Amino acid sequence: MNVEEEVERLKEEIKRLGKIQDDGSYKVTFGVLFNDDKCANIFEALVGTLRAAKKRKILTYDGELLLQGVHDNVEITLKPTPTPTPAAVAATTADGILKK
């Protein structure tokens, strides 16, 4: 599985385990993610996947490196998915490629 696929799976798991917020984001603590059996089976390096998603500005959390036990209560926030504007939808072709 490549990094992009892992980040997509991470987003799904945060939605499954987290709580939706009023702004459409999801929040979950690192401890909940780290201690979940399904996540343990999916992610060989959860911390690395979290860092990759943070670098891509898909999610946010305080700090750089999260460690089990020490950072169990650190909140991870999955940013809301932007809603496409009508103009962007109209500019998209049937095959999903944005026209320029």
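Is Lys 57 buried or exposed?

## Lys 57

Lys 57 counts as exposed, because its relative accessibility is 61% (exposed means over 50% relative accessible area, buried under 20%, partly exposed in between; 1.4 Å probe, protein chains only). Lys 57 lies in the loop between helix H4 (46-55) and E3. Helices (H or I, at least four residues) and strands (E, at least two) are DSSP runs, numbered from the N terminus.

The phi of Lys 57 is near 60 degrees, positive in a residue other than glycine. Most residues other than glycine have a negative phi.

## Basis of the model

This is a predicted model: local features need pLDDT of at least 70, side-chain atom pairs count only at pLDDT 80 or more, and totals for chains, interfaces and linings use all residues. Residues are numbered from 1 along each chain as its sequence is written, and side-chain values use heavy atoms, with hydrogens and water left out.

## Tyr 61

Tyr 61 sits in the loop between strand E3 (59-60) and strand E4 (75-78). Tyr 61 counts as buried because its relative accessibility is 7%.

Beyond neighbours within four places in sequence, Tyr 61 has contacts (heavy atoms within 4.5 Å) with Leu 50, Arg 51, Lys 54, Leu 66, Val 74, Glu 75 and Ile 76. Its C-alpha atom is 9.8 Å from that of Lys 27, 34 residues apart along the chain.

## Ser 25

Ser 25 belongs to the loop between strand E1 (19-20) and strand E2 (26-29). At 2% relative accessibility, Ser 25 is buried. Residues up to four places away aside, Ser 25 touches Lys 19, Ile 20, Thr 77, Leu 78, Lys 79 and Pro 80.

The side chains of Ser 25 and Asp 23 make a polar contact at 2.6 Å. Such a contact is a pair of N or O atoms within 3.5 Å; within protein, one must be able to donate a hydrogen and the other to accept it, and residues adjacent in sequence count only if both atoms are side-chain atoms.
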